[in-house]
Amino acid sequence: MNFSIEMIGVWFAVLLTLSIFSYLYGDNPFYKSAEHIFVGVSAGYIFAITFWDTIWPNLFGRLFPSYVQAGFKFDIIYIIPLLLGIFMLLRLSKKYSWLSRISIAYIVGMAAGLKFYVFLNSNLIIQIKSSMLDFNTDIIGIINQIIILIGVISGLVYFFFSKEHKGTIGKISKVGIYFLMIKFGASFGFAVMGRVSLLIGRFEELIKYSSKEYSYSTPIILISMVIILTIWSVKETKNDKLKQINKR
Amino acid sequence: MFNIKNIFIKLGQLDRRLIYLLVSLSVLIPLLNPNLLQLPTKTTKNTQIVFDSLNDLKENDKVLLSFEYGASTKPEIHPMSIAILNHLFSKGIKVYIVSLWPEGVMMAADAINEIVDSNLFKVEYGIDYINLGYKQGGPVVIRGIATNIGSVFTQDVHLTLLDEIPMMNNIKDVRDFDFVFDLSAGFPGNAEWVQYACDEYKIPLSSGCTSIMVTDAIPYVESGQLKGIIAGMPGAAEYENLVYDYLNNLEYNKFMNKNVDIKPGKATSRMSAQSITHLLMVLFIIFGNISYYLTRKKNN
């Protein structure tokens, strides 16, 4: 058996994958451990990579250019994002947590301003333009465009709440519901497809790691897990019965 | 008739763990025996548009490739990355990689290593491709790339200053690229590239994304804001086939090494498992609905 770093990684990957899959049977210690490891590792990784790839070069690189040497020139204005960042961390302090509101206000204002124009341009103006009928195309194209136009109008009418959905408005909004249903159906279909693709990816790796090259890691870990879970399950059932007897 | 009704009602009360087992088997069996069922994949219009748009690019054109996916969505997006890189390198196109997801750096490195290991192309870092690494900030970073790339990126992933890399000469903002391609699994993703960069500066943009994102991205495709879309694993399989046929029919060119086997991609081999599982899901939905209808009728 080859005890390389890669091999340890493979065994750990198989153990964590099977631990997550074990939730399909029910909540158990393997699943809980894998879940906690995932949360911890993700948070740690994101923190480290964000600090070293963004905060260190892009912020400290501008405040201490000769020390950080990230290719930026000294820029005093970057003291403001540094302060806003510190304010945000002060949320942890009871006395100074109010300062974090300044940072949040900046983020909300900046994001709203940035989003306002781009959303108006890409999601409103261009989308309205593209839903216009273009008769310089073949008959199938024209029919498709008419269907899209009916879908857009009826969908919008469905979300128009200033008038009761009765009579003509009611009928149009009902058509809108059918279009929305089709959209939800398509979304559900694509969601299933995506999840199955991910399952295939995990299974493919588990099959790959079942080989002799990887010291049969998948079958060994799978069998071990099944044995441990069976023992754990029997013990849990016994404990539950004892608790019930004690209660009585 | 009475018995059939009872069978359907009992089917609706099946233990969910049995359903998980059936789904697992429907994935496992085709993966263990790929020759069991081989269903043909037909290229859809949107995948063809992506292929044609990238195929129209010329030698030394510059493509910005954005990696916005991680380990969780790797099975869907990674085959697209490989197929796209194969296509671009076969045409001598310069590739500029950025990552807007923390794991994107690893995914990009993985994809590039796979291409280099295949020995199919004569590619060299800093000449044919460059990896600018990861920056946190999502839409703000995209806006930075759109307006002034130097305000966000000054070093590549190996901490070499961009001023010292010849590929980066004359690259100031998104307008210096001939095409932007986004490999996306969520936020930030193709919608942000459309909104914050490519619509305003009129740069052709295309995307390969997870299946779950497709319905949200389709309006951009219909309006031409996205030049086609590679939709999930089936899209990846379609693109792989297009690139595989293209490379096999390609006469030897200066960008490729001689006498190297061109292998079909991974997504293609996964499609039979996908199709069988979908078939099973459809059956579950039909039986589930019949069972629900009969149970409700019986209770009433």
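**Notes on chain B**

1. Strand 1 of chain B pairs in the parallel sense with strand 4 (residues 179-184) of chain B, over six bridges. Within this pairing, V63(B) lies opposite F179(B) of strand 4 of chain B. The model is a predicted one, and the points below should be read accordingly.

2. Strand 1 (residues 62-68) of chain B is mostly covered, with six of its seven residues buried. Six bridges also link strand 1 of chain B to strand 2 (residues 94-99) of chain B, and these two strands run parallel. Here S66(B) has V98(B), in strand 2 of chain B, as its bridge partner.

3. On the next pairing, strand 2 and strand 3 of chain B are joined in the parallel sense by four bridges. V95(B) stands opposite Y129(B), which belongs to strand 3 of chain B. A right-handed β-α-β unit is made by strand 2, helix 5 (residues 104-118) and strand 3 of chain B. Strand 3 of chain B is largely enclosed by the rest of the structure, because six of its six residues are buried.

4. The overall arrangement is an open sheet of six strands in chain B, in the order 3-2-1-4-5-6 and with parallel pairing. Its edges are strand 3 (129-134) and strand 6 (229-231) of chain B, each of which pairs on one side only. From one strand to the next, the twist averages 15°.

5. The bridge partner of S207(B) in strand 6 of chain B is I229(B). Helix 9 (residues 232-249) of chain B packs on the sheet and touches both strand 5 and strand 6 of chain B. The direction of helix 9 makes about 120° with that of strand 6 of chain B.

6. Which elements of chain B meet the partner chain? The contact involves 43 residues of chain B and 37 residues of chain A. Elements giving two or more residues to this side of chain B are helix 2 (16-32), helix 4 (74-90), strand 3, helix 6 (139-147), helix 7 (190-201), helix 8 (214-222), helix 9 and helix 10 (266-299) of chain B. By residue class, the side of chain B that touches chain A divides into 18 nonpolar, 16 polar and nine charged residues.

7. Two domains are given by the domain assignment of chain B: domain 1 (2-36 + 270-299) and domain 2 (45-264). Taken over C-alpha atoms, the centres of domain 1 and domain 2 of chain B are separated by 38 Å.

8. As to the chain as a whole, chain B contains 10 helices and six strands. Its C-alpha atoms fill a box of roughly 80 × 45 × 35 Å along the principal axes. Of the 300 residues of chain B, 46% count as buried. Among contacts in chain B between residues at least 6 apart in sequence, 78% join residues at least 24 apart.

Note on methods
Residues are numbered from 1 along each chain as its sequence is written. Chains are lettered from A and ligands numbered from 1 in the order in which they are written. This is a predicted model: local features need pLDDT of at least 70, side-chain atom pairs count only at pLDDT 80 or more; totals for chains, interfaces and linings use all residues. Two strands pair if DSSP finds at least two bridges between them. Axes are lines fitted to C-alpha atoms, for helices over the stretch in contact, and angles run from 0 to 180 degrees between N-to-C directions. Two residues are in contact if their C-beta atoms, placed from the backbone, lie within 7 Å. Ala, Val, Leu, Ile, Met, Phe, Trp, Tyr, Cys and Pro count as nonpolar, Asp, Glu, Lys and Arg as charged, and the others, Gly among them, as polar. A residue is buried if 20 or more other C-beta atoms lie within 10 Å of its own, exposed if 12 or fewer, and partly exposed in between; C-beta atoms are placed from the backbone. A crossover is right-handed if, with the strands pointing away from the viewer, the path from the first strand over the helix to the second runs clockwise. Domain bounds come from an automatic or database domain assignment.
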